[in-house]
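Please open the structure in your viewer and keep the selection tool at hand.

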Amino acid sequence: MSESTSQLGPTGDSNSIPTVSGVSSDTESSGYVPREVSPGDALLPAPEHVLSTLERDGRRRWIKPKLSMGLWWHRRRIVAYVLMVIFVVVPHIKVWGKPLIRLDITARQFTVFGHTFYPTDTLLLALLMLSAFLTIVFVTAVTGRAWCGWACPQTVYIEFLFRPIDRLFEGTAGKGGHPKKKLPLGLELARLAVYVFLNMFLAHTFLAFFVGPEKLSMWIWSSPSQHPVAFIVMAVTTGLLTYDFYFFREQTCLIACPYGRFQSVMLDRHSMIVAYDYARGEPREKGKRSAGDSKGHCVDCNQCVVVCPTGIDIRNGLQMECINCTQCIDACDTVMDKVGLPQGLIRYSSQDALAHKPKRLIRARTILYPLLLAGVVSGLVYAISTKFGFDARIVREKGAPFTNVERGVISNSFRLKLVNRSDKPEHYTMTIVSPPATLEVIDESRLDLEPGSNSEVPFTVRFSSGQTLGVGNAPLVMEMADSNGHTKRLEFKILGPR
Ligand code: SF4
Ligand code: SF4
């Protein structure tokens, strides 16, 4: 008996791939290759579904899905090409003279939609990340794994860049990979070279998000010895991408991606999924349908299985491995057309809709998530719009609380902690507003700050001892100002003898 555990349908019979008139039963051009297992093989217990790409003896089952060029595939292809272009173009786009997105780690500046965040912008960064997280949770609750099937770079590049290249080399363009066809060594090396070249391009584009296209272009045209770290980052990224797209492939979705694991808590029975209409399809049986017969609409042609890039059978219900790529919808619709049955046996639906329960658009998740998201985004917009150009905080120096400088004159030592949160270099000034006192800044140059940088500025305040007489302390008001005239008042205590 030769079968893959993942191919076991409800009937448990996965090897008999039946035919129906007008519909080819296709195991040859699919990734599904039943393999003879010798009696000596250590087999996993048959009913255990471990991974759709795992043979029962633990070996990897290589998936080379057939291609179904239906309506959804055409739509996804348009989206995929648009996303590929966006990925390449974004590092070059500027908004108000600043990059649209730039994650400059060395300068510790993160620019998103023209707004620059610094590591010291803890609240802003936290709100930004929280809003991204809530968006993912909300979109998943409503549209299921639309991200995986339509927009995830893993799916986009594998399905619409690298698989077409495979088909080109195998001579199966427009059909799908041939599971048994092994390329001659020369061709295989040529395919690998194309992979490395394309991944090198992707790695460079990826790097442009961090360093900008100008610096990247300078690096490209100079010797790697002049920028060894950047060269190593690019080489390692190229290596990892090549490993992923050439070898690891669907395993990333199945065992490495945390999002796939989290989806079970983010989906509910109303979330949109790619689903098989069990009630309409069963009992599945090959052959033609006649009016009034009791057969289900599934003609058991296995086309939905052979096109699946993660090697599952959607008829087994909602599975973690399903990335909602819609290939099984296209394949099944084609079959339905050929056998004269209505399309949509596999379709976008929800678990409750399939069970003929009423649709519930308004539910806890669809109210709570948008409300939370709106709150966080409003907080983010407010925080950005009211963000002050600098932060200033005063702390008292350690040691004696005050010094008698001369008769009737007291001195206190402080440290100003200053952060420039603006996008340009700044010079700051300090002025004592009240009471009358003399300010002495130890090192004036520390009041000059680059964007996003910070400094500590030691200073002393001299005042008449009479100001603290009685209670031993008095409030002092200081005004900080930047070159744009933005001011901030700081109030702290000066200490002296009672
Ligand atoms: S669900 Fe559709 S594609 Fe899949 S076996 Fe049945 S008829 Fe064929
Ligand atoms: S079951 Fe269908 S939608 Fe899910 S991954 Fe397979 S082909 Fe794509």
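**Stop 1: Helix α7 and its end**

Select Arg-249, which lies just after α7 and takes a positive phi of about 45°. Please bear in mind throughout that this is a predicted model.

Now select the helix itself, residues 228-248. The 21 residues of α7, at 1.5 Å a residue, should span 30 Å, and this agrees with the 28 Å between its end C-alpha atoms.

Which residues of α7 are buried? They are Met-234, Thr-238, Leu-241, Thr-242 and Phe-245. These residues lie on the same side of α7, because the arc they cover around the axis is only 100°. To see what they pack against, display α4 (153-170) and α5 (185-211).

Next, turn to the face of α7 that points away from the buried side. Colour Pro-228, Val-229, Ile-232, Val-236 and Phe-247 there; these residues are exposed.

**Stop 2: Helix α2**

Select residues 122-143, which form helix α2. With 22 residues at 1.5 Å each, the helix should span 32 Å; its end C-alpha atoms are 31 Å apart, which agrees. The buried residues in α2 include Leu-124, Leu-127, Leu-128 and Leu-134, and also Ser-131, Thr-140 and Ala-141. Just after α2, select Gly-144, whose phi is positive, at about 65°.

**Stop 3: The nonpolar cores**

In soluble globular proteins, nonpolar side chains tend to be buried together. In this model, the largest nonpolar core has 46 residues. Select Val-274, Cys-304, Ile-314, Cys-328, Cys-332 and Ile-346, the residues with the most contacts inside this core. Among the elements that each supply at least two residues of the core are α1 (71-89), α7, β6 (273-276) and α12 (327-339). Which element supplies the largest share of this core? That element is α5, with 6 residues.

A second, separate core has 13 residues, including Leu-416, Ala-437, Val-457 and Met-478.

**Stop 4**

Return to Ile-314 and show its neighbours. Leaving aside residues up to four places away in sequence, Ile-314 touches Val-274, Tyr-276, Cys-304, Cys-322, Cys-328 and Ile-346.

Finally, select ligand 2, which is surrounded by 14 residues. Ile-314 is again present, as one of the closest residues, together with Cys-308, Cys-322, Cys-325 and Cys-328. How many residues of the shell around ligand 2 are nonpolar, polar or charged? The shell comprises 10 nonpolar and 4 polar residues, and no charged ones.

Key
Residues are numbered from 1 along each chain as its sequence is written. Chains are lettered from A and ligands numbered from 1 in the order in which they are written. This is a predicted model: local features need pLDDT of at least 70, side-chain atom pairs count only at pLDDT 80 or more; totals for chains, interfaces and linings use all residues. A residue is near a molecule or strand if its C-beta atom, placed from the backbone, lies within 6 Å of it. Ala, Val, Leu, Ile, Met, Phe, Trp, Tyr, Cys and Pro count as nonpolar, Asp, Glu, Lys and Arg as charged, and the others, Gly among them, as polar. Helices (H or I, at least four residues) and strands (E, at least two) are DSSP runs, numbered from the N terminus. The expected span of a helix is 1.5 Å times one less than its number of residues. A residue is buried if 20 or more other C-beta atoms lie within 10 Å of its own, exposed if 12 or fewer, and partly exposed in between; C-beta atoms are placed from the backbone. The arc is that of the directions from the helix axis to the C-beta atoms. Two residues are in contact if their C-beta atoms, placed from the backbone, lie within 7 Å. A nonpolar core is a set of buried Ala, Val, Leu, Ile, Met, Phe, Trp, Tyr and Cys residues joined through C-beta atoms within 7 Å.
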